[in-house]
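Please open the model in your viewer and keep the selection tool at hand. The tour below goes from the whole chain to single residues, saying at each stop what to select and what is there.

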Amino acid sequence: MRVSFEFETLDVHREGAVLFADITAPPMNLLGPELVRDLVSLIQRAEADATIQVLVFGSADPDYFISHVDVTRIREYRDQAAKLVGEASIGLMFRYLSMSRLVTIARIEGRARGAGNEFVLACDMRFAARESAIFCQPEQGLGAIPGAGGIQHLTRLLGRARALEVMLSADDYDAETAERYGWINRALPAVGLREFVRTLAHRIAGFPAAGRIVLKERVNAISLAPVDDFRRDSDLFLECARDPESQRRTRVAMTRGFETRDGEMTLPRLLGDLAGG
């Protein structure tokens with residue numbers, strides 16, 4: 001049975017065996033409960049349709065892919081994630097996506113920070129616009145750690161030293177640096193990015209599904225961290241977020257433009273100015 005796809009925060013269209021989902025959660029594509037709810041529903045419905053083979057994620061916002069989690073609604077978005085994985089953790093939700101029979105591709109334009117970066121890391125492949133894509137794990141600036149898979153994926157992809165650089169600096173990295181570090185598959189000119197990803201998605205979808213599923217299972221067996229490691233990072237993120245200094249920094253950041261579209265255009269600068277309160 002084939003089903004239609006209509007969501008509040010996702011613009012979805014289908015081309016044969018490929019499903020394209022662009023994130024549309026203004027003002028800055030925060031990962032809040034509405035977006036998590038729609039992602040859960042999309043994954044469930046796509047997996048239930050055996051004719052869908054590839055899922056491509058993009059953004060309708062040229063400046064933001066997914067900015068990061070909405071820190072004012074942590075419990076709400078975690079509760080939505082539990083509807084997919086049975087536990088209140090977006091890290092486990094993202095890991096579920098990595099384990100899915102679907103092949104997932106992230107087409108990144110704009111900023112993918114925090115859980116936004118962790119989301120694209122959970123996808124099977126990542127292709128980014130050379131001119132506009134920006135990647136960041138900003139949690140250390142607020143006294144926290146990446147809690148949705150960033151530690152696991154970045155360490156495996158980048159190696160120890162570069163993973164520590166990325167996470168400890170809480171800084172922005174452009175697409176060319178991300179490509180050189182092994183963070184993404186390729187940095188491509190924006191003018192050709194969409195067609196490149198579209199062509200690749202249809203090529204993959206045209207091959208036999210059974211072999212593709214076995215291949216993903218074997219690659220995951222080698223490269224995907226155990227579920228308990230994702231669970232531990234998720235728990236530690238919450239512990240760090242409850243620390244008084246982390247809460248102080250978050251309060252100050254909110255007064256200076258954190259979680260606003262304009263304020264986060266230069267998020268690393270904002271984070272670097274929090275020490276003095």
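Predicted model: local features only at pLDDT ≥ 70, side-chain atom pairs only at ≥ 80, totals over all residues.

Along its principal axes the C-alpha trace spans about 55 × 40 × 35 Å.

Residues are numbered from 1 along each chain as its sequence is written, and side-chain values use heavy atoms, with hydrogens and water left out.

**The surface and the contacts**

Switch to a surface view: the chain exposes about 12000 Å², of which carbon and sulfur atoms supply 53%, as computed by the Shrake-Rupley method with a 1.4 Å probe, where for residues only the protein chains shown count as cover. Buried residues make up 54% of the 277 residues, where buried means under 20% relative accessible area, exposed over 50%, and partly exposed in between (1.4 Å probe, protein chains only). Of the contacts (heavy atoms within 4.5 Å) with a separation of 6 or more, 73% are between residues 24 or more positions apart.

**The nonpolar cores**

Next, select L31, L42, F57, I90, F119, F135 and W183, which touch the most other members among the 58 residues of the largest nonpolar core. A nonpolar core is a set of buried Ala, Val, Leu, Ile, Met, Phe, Trp, Tyr and Cys residues joined through side-chain atoms within 4.5 Å. Helix α1 (residues 33-48) contributes the largest share of this core, seven residues. A second, separate core has 15 residues, including V54, F127, A129 and A205. In soluble globular proteins, nonpolar side chains tend to be buried together.

**Helix α5 and what covers it**

Now select residues 150-158, helix α5, and colour its buried residues, which are G150, Q152, H153, L154 and L158. Which helices cover them? Among the elements that do so are α3 (90-99), α4 (115-122), α6 (160-169), α7 (175-181) and α10 (227-241).

**From β2 to α1**

Move to the loop between β2 (18-23) and α1, where P27 is placed. A cis peptide bond, with omega about 15 degrees, joins P26 and P27. N29 is placed in the loop between β2 and α1 as well, and its phi is near 55 degrees, a positive value in a residue other than glycine. Most residues other than glycine have a negative phi, and most peptide bonds are trans. Is N29 buried or exposed? N29 is buried, with a relative accessible area of 2%.

Select M99, which lies in helix α3 and is partly exposed, with a relative accessible area of 45%. Leaving aside neighbours within four places in sequence, M99 is in contact with K216, N220 and L224. The C-alpha atoms of M99 and L224 are separated by 8.8 Å, although these residues are 125 residues apart along the chain.

Then find Q140 in the loop between β8 (134-136) and α5, where Q140 is partly exposed at a relative accessible area of 35%. Not counting residues up to four places away in sequence, Q140 touches I145, M167 and L168.

**Towards the end of the chain**

Finish with helix α11 (residues 244-255), in which V252 is found; at 14% relative accessibility, V252 counts as buried. From there, go on to E259 in the loop between α11 and α12 (267-272). The phi of E259 is near 65 degrees, a positive value in a residue other than glycine, and E259 counts as buried at 13% relative accessibility.

How values were computed. Helix = DSSP H or I, 4+ residues; strand = E, 2+ residues; numbered from the N terminus.
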